[in-house]
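Have the structure open while you read.

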Amino acid sequence: MQELMLDKVHDESRQGEAFAANITNSKQFNKHFYIESYGCAMNFADSEVVASILQDGNIGATTDIEKADLILINTCSIREKAEERIRKRLTEFRRLKKQHPSLIIGILGCMAERLKENLLEEEKLVDIVVGPDAYRSLPQLIEEATTGQKAVNVLLSRDETYADISPIRLNSNGINAFVSIMRGCNNMCSFCVVPFTRGRERSRSAESIIAECETLFKEGYREVTLLGQNVDSYHWINDNTNDVVNFAQLLEKVAIISPLLRVRFSTSHPKDITDEVLFTIKKYDNICNYIHLPVQSGSSRVLQMMNRTYSREWYIAKVNRIREILPDCGLSTDMITGFCTETEEEHQESLSLMEYCQYDLAYMYFYSERPGTLAARRFTDDIPLDVKKRRLQEMVDLYRIHSLQSMQRDVGKTYKVLIEGVSKKNEEELHGRNDQNKVVVFPKMNFKKGEYVTVKINACTAGTLIGTAII
Ligand code: SAM
Ligand code: SF4
Ligand code: F3S
């Protein structure tokens, strides 16, 4: 076990989901594209921007790879394993191209940005290479590739936010939607490739975010998740008025669209989340009581090497503050085991921090050195793989105890649940999530997707609360 996949929003190990556009118009397109997305929620949101750009260029989405004129793969570089998976998939696409030589294969996203022309010239795996800030050039690149030219655009931008593009929702349930509020990252966590693949941090205009959320609400969506690598550093200046909007203010602006629109966000950096954000969550019932607050390690020395800019004590004080202001808040984290020079004692510190925080959800990984990162340049990746994996397993075992206890504590309580659809396991049941982001299933009765319902929890499994609706 090296990764734990439990949640759709934060889990960047999601892989290979093929999406068709959730559109009902019968417009006939000249060509069709098939897209697979890997990585974090931001990549999935980007694929929806790409779908919109392509549709404007008269290329429609299909989930049938056999019908596609163009295959796109939106990629992730966060760990070596993520890239290995994508290479394997590209080799499979290559085989398809042998059968259909006119097929165009394009790589998008973080791996495209990291490996640039190499993928096209040396490895000859793809026809098009496009980095995360260059999606507007896709129609032109497709034209170039069709005529056999080299089609690469990996320019990073300081201001591209795709603010004016209305994403085409892919494979959507019509209830939950991702809304990108910023791009890039200015934090230089030493293990992380994201600042190199996504470029400098920039915030999208508050007006365009609110307009997108309002449209989603009118279309029947009932939950938006505001996305950024570090949402708490959202900072947008209105050029006309010089007014500044920070993340707490943005949250409020989205929350007041309607009390029926739930608002979530991801990811928060412990150094940046403010009391103002916490009090804004407290003020509005529709801003969910759930914070993803990645810690990465429980050792202050390791945190310093990771360049996380906080200590164990500082993080604990932040968690205490969250619990003080928002006593019912769900809390989740990311953890890395076996970072350079990590000792057994320091690993134990990570476990004891988890014991203290009692996370409802945790994503845990063993350290994977990424070329070009600060850690790769400065430190030796000196923890043997078997040790990294053993530490990870110990962490996962501990986390499982905590998460089960967290589920068990909810039995007997009642929650407001937003219904997201019919349960996959039983057609007579519906599923949704509570404020704290836990999945709840309950008998269907006359309830429908998109409605809110109060559910009394009677039992639980490790990942699901089981209840009955209170009428
Ligand atoms: N921006 C978020 C943050 O600051 O926590 C998330 C960044 S990243 C997309 C998601 C998670 O991947 C990180 O929190 C970290 O736990 C993990 N990660 C990043 N680089 C890694 C690496 N080189 N090896 C293992 N895990 C890594
Ligand atoms: Fe990577 Fe750190 Fe930025 Fe998160 S905050 S994306 S871990 S550099
Ligand atoms: Fe992966 Fe890029 Fe997201 S590296 S985690 S897809 S920002």
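## Cavities, ligands and backbone

The largest cavity has a lining of 37 residues, and those nearest its centre are Ile-78, Cys-192, Val-194, Gln-229 and Asp-334. Helix 1, helix 6 (194-198), strand 16 (330-337) and strand 17 (361-366) are the elements that each give two or more residues to this lining. Keep in mind that this is a predicted model.

Which element gives the most to the lining of the largest cavity? That would be helix 6, with 4 residues. Sorted by class, the lining of the largest cavity comes out at 19 nonpolar, 13 polar and 5 charged residues. As for where it sits, the largest cavity lies between domain 1 (11-153) and domain 2 (176-410), because both domains give residues to its lining.

How many cavities of 30 Å³ or more are there? The count comes to 6. Two of them are set out here.

| Cavity | Volume | Lining residues by class |
|---|---|---|
| Largest cavity | about 670 Å³ | 19 nonpolar, 13 polar, 5 charged |
| Second largest cavity | about 100 Å³ | 7 nonpolar, 2 polar, 6 charged |

On to the second largest cavity, with its volume of about 100 Å³. It has 15 lining residues, and Val-49, Pro-167, Ser-180, Arg-204 and Glu-212 are the closest to its centre. Helix 1 and strand 8 each supply at least two residues of the lining of the second largest cavity, and helix 1 has the largest share, at 4 residues. Here too both domains take part: domain 1 (11-153) and domain 2 (176-410) each provide at least three residues of the lining of the second largest cavity.

Now for the ligands. Where does ligand 3 sit? It is found in the largest cavity. The shell around ligand 3 holds 11 residues, with Cys-40, Cys-76, Ser-77, Cys-110 and Gln-229 the closest. By class, that shell splits into 5 nonpolar, 4 polar and 2 charged residues. Ligand 3 lies between domain 1 (11-153) and domain 2 (176-410), since both give residues to its shell.

Ligand 2 also has a place in this story, as the space it takes is the largest cavity. Around ligand 2 you'll find Cys-185, Asn-187, Cys-189, Phe-191, Cys-192, Val-194, Pro-195, Gln-229, His-269 and Arg-308. Its shell has 6 nonpolar, 3 polar and 1 charged residues.

Next, the backbone. Most residues other than glycine have a negative phi, and most peptide bonds are trans. Against that background, a few spots deserve a look.

Which peptide bond is cis? The one from Ser-266 to Thr-267, with omega near 10°. Thr-267 belongs to the loop between strand 14 (262-266) and helix 9 (275-283).

Asn-58 has a positive phi, near 70°, without being a glycine. You'll find Asn-58 in the loop between helix 1 (41-56) and strand 3 (59-61). Its relative accessibility is 23%, so Asn-58 counts as partly exposed. Asn-171 has a positive phi as well, at about 50°, and is not a glycine either. Its loop runs between strand 7 (151-153) and strand 8 (176-180). Is Asn-171 buried or exposed? With a relative accessibility of 52%, Asn-171 counts as exposed, because the cut-off for that class is over 50%.

Arg-264 is part of strand 14, and it counts as buried because its relative accessibility is 4%, where buried means under 20%.

Conventions
Residues are numbered from 1 along each chain as its sequence is written. Chains are lettered from A and ligands numbered from 1 in the order in which they are written. This is a predicted model: local features need pLDDT of at least 70, side-chain atom pairs count only at pLDDT 80 or more; totals for chains, interfaces and linings use all residues. Side-chain values use heavy atoms; hydrogens and water are left out. Buried means under 20% relative accessible area, exposed over 50%, partly exposed in between (1.4 Å probe, protein chains only). A residue is near a molecule or strand if one of its heavy atoms lies within 4 Å of it. On a 1 Å grid over the protein atoms alone, a cavity is a set of points where a 1.4 Å probe fits but cannot get out, and a pocket is an open set with protein on both sides within 12 Å along at least five of seven lines; lining residues have an atom within 4 Å of a point. A molecule sits in a cavity or pocket if more than half of its atoms lie within 2 Å of its grid points. Ala, Val, Leu, Ile, Met, Phe, Trp, Tyr, Cys and Pro count as nonpolar, Asp, Glu, Lys and Arg as charged, and the others, Gly among them, as polar. Domain bounds come from an automatic or database domain assignment. Grid points are joined across faces, edges and corners, and a volume is the space filled by probe spheres set on the points.
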